[in-house]
Amino acid sequence: MSAPGGSVPPGAPGGVTLRRMRWWDIEPVLALEHRLFPEDAWSAGMFWSELAHARGPAATRHYTVAEAGGAVAGYAGLAAAADGTADVQTIAAAPEHQGTGLGSRLLTDLLTAATAFECHQVLLEVRVDNPRAQRLYERFGFAPVGLRRGYYQPGNVDALVMRREHTGAPVHHPSDRARN
Ligand SMILES: CC(C)(COP(=O)(O)OP(=O)(O)OC[C@H]1O[C@@H](n2cnc3c(N)ncnc32)[C@H](O)[C@@H]1OP(=O)(O)O)[C@@H](O)C(=O)NCCC(=O)NCCS
């Protein structure tokens with residue numbers, strides 16, 4: 001189901017718009033979640049629990065959904081802790097939208113939220129066998145800081161922990177490769 005009254009603004013890259021995730025997005029987001037993470041997909045309850053902390057002045061979560069033609073094209077979420085650390089909880093682009101800059105747009109959105117939460121660092125875990133995601137994070141200034149053995153179950157795959165020092169400066173969208 002899509003948001004009521006949503007329309008694609010002219011000039012939205014690839015006709016894909018970003019907006020805050022709401023409860024009615026959980027069902028289509030879960031469908032994509034199961035396509036992309038068949039081994040360890042989040043449950044509906046996990047998304048409900050995250051969204052419960054994503055609204056109001058005491059919010060500690062920021063969840064975004066990308067929409068194209070009324071369908072979910074991607075999603076991403078961030079958690080902020082009182083110590084000024086933010087964690088990228090999830091980020092995903094539908095296979096048909098990968099390589100179009102959508103992952104970069106979603107990550108930019110999360111980092112902007114980290115600034116709004118006044119976080120000074122952003123952490124994430126990524127599978128060691130996911131070089132594409134690692135390259136995305138590196139482009140945004142994340143660097144490896146550790147390894148969590150067997151973090152991803154049931155496959156027993158290690159997680160690379162990556163960290164970005166977060167200055168709060170506006171996040172540059174590094175989609176143009178010439179700068180890298
Ligand atoms: C990781 C993921 C979110 C990246 O999303 P994405 O939309 O493909 O990301 P981008 O398009 O911004 O960047 C991906 C590649 O496309 C390139 N790209 C970006 N914009 C582009 C454009 N307009 N034209 C051509 N290529 C472009 C990027 O340079 C990048 O190249 P690289 O992989 O060689 O480094 C996506 O692959 C995904 O959802 N994977 C499955 C789920 C997953 O692994 N999530 C991460 C869990 S930690």
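**Conventions.** Ala, Val, Leu, Ile, Met, Phe, Trp, Tyr, Cys and Pro count as nonpolar, Asp, Glu, Lys and Arg as charged, and the others, Gly among them, as polar. The model is predicted: local features need pLDDT of at least 70, side-chain atom pairs count only at pLDDT 80 or more, and totals for chains, interfaces and linings use all residues. Residues are numbered from 1 along each chain as its sequence is written.

**View 1. The shell around the ligand.** The shell residues divide into 8 nonpolar, 8 polar and 3 charged. Of the 19 residues around the ligand, Ala93, Gln98, Gly101, Gly103 and Ser104 come nearest. Strand 4, helix 3 and helix 4 each give the shell at least two residues. Helix 4 provides the largest share, 4 residues.

**View 2. The whole protein chain.** The chain holds 4 helices and 7 strands. Helices (H or I, at least four residues) and strands (E, at least two) are DSSP runs, numbered from the N terminus. Read from the N terminus, the order is β-α-α-β-β-β-α-β-α-β-β. Of the 180 residues, 30% count as buried. Buried means that 20 or more other C-beta atoms lie within 10 Å of the residue's own; exposed means 12 or fewer, and partly exposed lies in between, with C-beta atoms placed from the backbone. Two residues are in contact if their C-beta atoms, placed from the backbone, lie within 7 Å. Among contacts with a separation of 6 or more, 56% link residues 24 or more positions apart.

**View 3. Helix 3 and its cover.** Helix 3 spans residues 102-116, 15 residues in all. From first C-alpha to last it reaches 21 Å, close to the 21 Å expected at 1.5 Å a residue. The expected span is 1.5 Å times one less than the number of residues. Because 11 of its 15 residues are buried, helix 3 is largely enclosed by the rest of the structure. The buried residues include Leu102, Gly103, Arg105, Asp109 and Ala114. Their cover includes strand 1 (16-20), strand 2 (61-68), strand 3 (71-80), strand 4 (85-93), strand 5 (121-127) and helix 4 (131-139).

View 4. Glu118 follows helix 3. This residue is found in the loop between helix 3 and strand 5. Glu118 counts as exposed because it has 11 C-beta neighbours inside 10 Å.

**View 5. The largest nonpolar core.** A nonpolar core is a set of buried Ala, Val, Leu, Ile, Met, Phe, Trp, Tyr and Cys residues joined through C-beta atoms within 7 Å. Of the 38 residues in the largest one, Val29, Ala66, Tyr75, Leu78, Ala86, Leu110 and Ala114 touch the most other members. At least two core residues come from each of strand 1, helix 1 (26-36), strand 2, strand 3, strand 4, helix 3, strand 5 and strand 7 (157-165). Take Ala86. Leaving aside neighbours within four places in sequence, Ala86 is in contact with Leu78, Ala79, Ala80, Ala114, Phe117, Cys119 and Val122.

**View 6. Strand 2 between its partners.** Strand 2 is mostly covered, with 7 of its 8 residues buried. Two strands pair if DSSP finds at least two bridges between them. Strand 1 and strand 2 pair in the antiparallel sense over 5 bridges. Val16 has Ala68 of strand 2 as its bridge partner. Strand 2 also pairs with strand 3, antiparallel, over 8 bridges. There, Val65 has Tyr75 of strand 3 as its bridge partner. Strand 2 and strand 3 form a hairpin with 2 residues between them. Gly69 in that turn has a positive phi of about 55°.

View 7. Strand 6 (residues 143-152) is hardly covered: among its 10 residues, the count of buried ones is 0. Strand 6 and strand 7 pair in the antiparallel sense over 6 bridges. Ala143 stands opposite Arg163 in strand 7. The hairpin has 4 residues between the strands. Pro154 lies in this loop. A cis peptide bond joins Gln153 and Pro154, with omega about 15°. Asn156 is found in the loop too. Its phi is near 60°, positive in a residue other than glycine. Asn156 counts as exposed because it has 9 C-beta neighbours inside 10 Å.

Methods: A residue is near a molecule or strand if its C-beta atom, placed from the backbone, lies within 6 Å of it.
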